[in-house]
Every structure is written in structure tokens, then in C-alpha cells.
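My notes are below, in the order I went through them.

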Amino acid sequence: MENLNYDVLVVGAGPAGSTAARYAAMNGAKVLMIEKRQEIGSPVRCGEGIAKPWLERLGIEPDPRWIANEIDGARIISPSGYALEVDESRAGDESGYVIYRDLFDKALAKMAAKEGVDIMLKTAALGVLKDGEQVVGVKARHMGEEFEIHAKIVIGADGFESQIGRWAGMNTVVKPKDIDSAFQYTLVGVDIDPRFNEFYTGSIAPGGYIWIFPKGDDVANVGIGVLLSKIKEPGTAKRLLDEFIAARPNLAKGRSVQDVSGAVSVSLPLDKTVIPGLMLVGDAARMIDAITGGGIYNGCIAGKIAGEVAARAVKENNLSEDFLMEYDRRWRDRMEDRLYRNWMVKEKFATLSDDDIDRIIKAISEVDMEKMTMVDILRAVESKIPGLVKDFMGMF
Ligand SMILES: Cc1cc2nc3c(=O)[nH]c(=O)nc-3n(C[C@H](O)[C@H](O)[C@H](O)COP(=O)(O)OP(=O)(O)OC[C@H]3O[C@@H](n4cnc5c(N)ncnc54)[C@H](O)[C@@H]3O)c2cc1C
């Protein structure tokens, strides 16, 4: 394998990487995207829920080939069974479509390929190449052979376990209180409401929730995310999920055709996502919504910005950190406030007792939410039960 030369190298072919690669190529750059797995999108580590409105912004046509189910909204269920129903427009980053995530990731990679992006599978980055402070490429391995890939700009889209940033000297450490341990099944033959994504909260999933995302009338992605800092033993997430399923005959009668464990960062985004020659996007930059654990949307939006800025940096032959900071500024303008707010909500939510969660969900479900902002809703709850949601009010 000879050493390779590109304008832009994207490491990782998840949603953020494919989108960054696509937009860099659309804007004139010669782009290579490498992916260590042998197949893009597989295995699926995802609840497979996405919201709808952002797809259009990225020119992604909803396609029945990767849409399993269109849903009306979300149902948030308290420990004692109070249910809060919200329509899709209020239901966060994970409610709108339930997708076949492997096919969705492949579709995004195809869009990149159509713009001229070269893609190499089974190709892992092993370290970054530097010229002084400037990142100038990566050392990579493909089918046992090691070689160098030189690029004017490297985009690290290597996900939760991102090493690109760390290799380049950035601080990418996540604290256990900001990591969700996750486990999920695809259950076939279940009896569920196909119109709603359901989120079960409280001590059944400490610091997180159990989800049931319907992929059809009798198929669902059923999973759990629990804060690592709240559990003592490995295997807890799976045990809690198994207990939840076993206690519900409508789920227990299902059979699993896929079970996967994973981890999600529910942290604040990185303080800095750019150094000379390198940008981090998506999970690698910790852009996941800390309440829902949804990260596809944010990763794709940031990927678009990174691709555009990378292509311009190449065109103007300015690979400096100052120039690339345009990416950092633009993605923060788009989503940083929301990421911070939701992280604070997650921190507060993790301290609530089952009784508090019951009271909050019951009180909100009794408010007529139509045309009300979140602040109005919280005000209405606060006026009914003083003190209950006071701490949340300043966050919105
Ligand atoms: C259990 C679970 C459930 C989730 N549910 C949802 C959901 O319902 N909705 C939602 O919006 N989000 C969900 N998320 C989060 C979502 O999956 C991520 O936010 C999203 O995948 C981020 O995309 P990304 O491109 O940044 O990273 P990834 O999708 O993780 O892609 C990174 C890619 O980089 C590759 N890679 C890593 N290291 C290297 C290397 N050294 N060399 C080459 N390639 C490398 C990986 O193989 C991977 O393909 C969930 C996450 C988990 C774990």
C-alpha cells in the first residue's frame, strides 16, 4: 500500500463523518473517508430514533428504504405509570422516524460517494502525523498493511471512543457521571403502540431511561441507558432491561434478533474542537444531547459545517487554527446553548427520586400544553405544586 495524499481526510464513516466528507467534496475538496469496520453502519448501536425537520436542511430525502416507522410523538412514563404524551415537534432529537440505522448510515455514505468522496473500509487510523503543531495526516492500517495518509485537513469523526483528538494532544476524557452504559435488543413479535416512542424513567434506569422505539406493529428497538456513576457492577444495564421486559408480557413474548451493548457520552461538548489541521465532529466532539442521548442530528449538522470550512481552508490554503475556528464558532452558535441546558437538566434529573419524577410527570400531563413554551409549562406546574420544578425554570 502506497502512502496517500488528499485535501481532506475524514476518519470514521458514521453520520457525522459521511456528512462532513460529503460537504467537503461538494465544496471542491479531494476527500478520503476511512472506516475501521468492514461494513458501514453495522453493528447498530442506536435506538434508531431521529427527528424530522433537520433532514431537509441537509438535503436528505426521507427514504422508505431506511425508514422503518413514522411516529406521532413521545410518551414519557413515570415510575408509577403516569404518562406524558408530547407530539413529535416537542419530542426531542429522537422522535419522528424510527430508522434502520445501518441502512441510514450507508445512505449517507452513498451521498458522500456520489460527490466524489473515496471510501476505504477495514481501514483504521492508528495515530496522527504531525509537523510541529500541525496535524498533517494519520498512520493507518488496511488488511494488515500499515501506511500513511497525508491530508491538509483531518476531520476526526471517530465516535464516542475517539482517539484522533487524544492522539493529537486534545483533552477528550469523559467522566463516569457523563457516560451512559447502554444495552439494546431488536425484539420481534412484540405487542406495542406503533405511534409513540416510549421513555420509561426513574430507578428502573438510574440516571437514564428505558426506551421502546417501534419499528412497526410488532417489532421494536428496546433498550436502556444508565449513568455509569449510578451503577456498581458490570452487566447492570442488561439486567435492568431484562427485568423490565420480563415484567411486561407484551414485550416478553418477543424474540431478539439483535442485542448490542454500547456507551453514550452525555457530557458537555469539548471546550475546543479544533487544533491546527484537525477538527472533531459528532460524538468525537461530544455533541450528544445529554437528556435524550440523541446525537445523529447534531453530528450531521456539525459535519456539514466542518466539511464546508475544511474545503474553504484548502481553497484558501489556510490550515491554521484561527481559520478552522470558524467551524468551532458556527457549530456552537447552532447548538451549544441547547447542549449546555440539556446537560444541566440531565444533572438535575439524575438527583430526583421516583416520587419527584411521578409528581412532575403527573403535573405536566395535567397542563394543557398546546401553544405553550417550556417555560409556560413549568410555570403552570410551579403554580400548582410550588418548589417542584423551580430548579428547572432558570434553564429554559
Ligand atoms: C445504545 C445507543 C443508542 C442511541 N440511540 C440514539 C437514537 O435513538 N437517536 C440518536 O440520534 N442518537 C442515538 N445514539 C447516539 C448516536 O448513535 C451517535 O450520536 C451517532 O452515532 C454519532 O455519530 P458519529 O458519526 O459522531 O459517530 P459514530 O456513529 O460512532 O461513527 C464513528 C465511526 O468511526 C469509526 N472509527 C472509530 N475509530 C476509528 C479509527 N481509528 N479508524 C477508522 N474508523 C474509526 C467507527 O467504527 C464508527 O463507524 C445512541 C447511541 C447509543 C450507543
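What follows are my entries, topic by topic.

**Ground rules.** I am working from a predicted model, where local features need pLDDT of at least 70, side-chain atom pairs count only at pLDDT 80 or more, and totals for chains, interfaces and linings use all residues. I number residues from 1 along each chain as its sequence is written.

**Domains.** I looked up the division of the chain first: domain 1 (4–46 + 103–174 + 269–337), domain 2 (73–96 + 176–265) and domain 3 (348–393). These bounds come from an automatic or database domain assignment. The centres of domain 2 and domain 3, taken over C-alpha atoms, are 22 Å apart. I find 12 residues of domain 2 in contact with 8 residues of domain 3, contact being C-beta atoms, placed from the backbone, within 7 Å. The domain 2 side of that contact has 6 nonpolar, 6 polar and no charged residues. For these classes, Ala, Val, Leu, Ile, Met, Phe, Trp, Tyr, Cys and Pro count as nonpolar, Asp, Glu, Lys and Arg as charged, and the others, Gly among them, as polar.

Helices (H or I, at least four residues) and strands (E, at least two) are DSSP runs, numbered from the N terminus.

**α1 with α3.** I went to the helix pairs next. The axes of α1 and α3 (residues 101–114) come within 8 Å and cross at roughly 15 degrees. Axes here are lines fitted to C-alpha atoms, for helices over the stretch in contact, with angles from 0 to 180 degrees between N-to-C directions. That makes α1 roughly parallel to α3; the cut-offs are under 35 degrees for roughly parallel, over 145 for roughly antiparallel, 65 to 115 for roughly perpendicular and oblique for the rest. Pro15, Ser18 and Thr19 are among the α1 residues that meet α3, whose side includes Asp105 and Leu108. The contact divides into 7 nonpolar, 2 polar and 2 charged residues.

**α7 with α8.** How do α7 and α8 (residues 321–349) pack, and at what angle? The angle is about 155 degrees, with the axes 9 Å apart, and therefore α7 and α8 are roughly antiparallel. Among the residues that meet are Ile301 and Ile305 in α7 and Phe323 and Trp331 in α8. I count this contact as 11 nonpolar, 1 polar and 3 charged.

**α9 with α10.** The axes of α9 (residues 354–365) and α10 (residues 374–384) come within 9 Å and cross at roughly 115 degrees. The two helices are therefore roughly perpendicular. Ile360, Ala363 and Ile364 of α9 touch Ile377, Val381 and Lys384 of α10.

Most residues other than glycine have a negative phi, and most peptide bonds are trans. I noted the bond from serine 42 to proline 43 as cis, with omega near 0 degrees; proline 43 sits in the loop between β2 (31–34) and β3. Methionine 143 has a positive phi, near 50 degrees, and belongs to the loop between β10 (134–142) and β11 (145–156).

Notes: Contact = placed C-beta atoms within 7 Å.
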